[in-house]
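User: I am new to reading protein models. Can you walk me through this one, step by step?

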Amino acid sequence: MNLVLSLGYLHLHQAAAKKYTEAVYAGDSETAISMIYLSEQDKKEAGLPKMLSGKIKAEIAHRKEFAVKNGGIKEISVGEPKYDNDKKFADVSVTVTFKKSEKPKEEHIRLIKTDDGWKLKI
């Protein structure tokens, strides 16, 4: 039973990292932003959520443009997560390969376990 739980647990990290990466390169800022963790304190800080949203949307537009210039995404592969001691945080490496580029783009995504699943920790 522990093996099954461990495999399911691992899969959730990979799925979250891949979904976020797909959304970013597709220009889907709504999905990407929904996957970003903000603490209750961050949400209450005047102007912070709006400022972050604006910066994230600009970065997503830039990455979508990059993907389009390189023929779109060919493949997204997700590595094994590296956890902190209590498995509340996970670092996941993501490799994005584009159709018209021989050089893949390596990214590292830091995730945090929340009541709503795994979210991107910025």
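Analyst: Start with a term. Buried means under 20% relative accessible area, exposed over 50%, and partly exposed in between (1.4 Å probe, protein chains only). The model is predicted: local features need pLDDT of at least 70, side-chain atom pairs count only at pLDDT 80 or more, and totals for chains, interfaces and linings use all residues. Residues are numbered from 1 along each chain as its sequence is written, and side-chain values use heavy atoms, with hydrogens and water left out.

User: How many helices and strands does the chain have?

Analyst: Helices (H or I, at least four residues) and strands (E, at least two) are DSSP runs, numbered from the N terminus. From that end, the order is α-α-β-α-α-β-β-β-β-β. The count is 4 helices and 6 strands.

User: What is the volume of the largest pocket?

Analyst: A pocket is found on a 1 Å grid over the protein atoms alone: it is an open set of points where a 1.4 Å probe fits, with protein on both sides within 12 Å along at least five of seven lines, and lining residues have an atom within 4 Å of a point. Grid points are joined across faces, edges and corners, and a volume is the space filled by probe spheres set on the points. For the largest pocket, that gives about 270 Å³.

User: Which residues that line the largest pocket are closest to its centre?

Analyst: The lining has 16 residues. Helix 4 gives the most, with 4 residues. Closest to the centre are Ile-36, Tyr-37, Leu-38, Ser-39 and Lys-43.

User: How many nonpolar residues are in the lining of the second largest pocket?

Analyst: This pocket has a volume of about 180 Å³. Its lining includes Tyr-20, Ile-36 and Ile-109. Ala, Val, Leu, Ile, Met, Phe, Trp, Tyr, Cys and Pro count as nonpolar, Asp, Glu, Lys and Arg as charged, and the others, Gly among them, as polar. By class, there are 3 charged, 1 polar and 8 nonpolar residues.

User: Is Pro-81 buried or exposed?

Analyst: Pro-81 sits in the loop between strand 2 (73–78) and strand 3 (82–83). Its C-alpha atom is 9.3 Å from that of Arg-110, 29 residues apart along the chain. Because its relative accessibility is 11%, Pro-81 counts as buried.

User: What is the relative accessible area of Lys-87?

Analyst: Lys-87 lies in the loop between strand 3 and strand 4. Its phi is near 60°, a positive value in a residue other than glycine. Lys-87 is partly exposed, and its relative accessible area is 38%.
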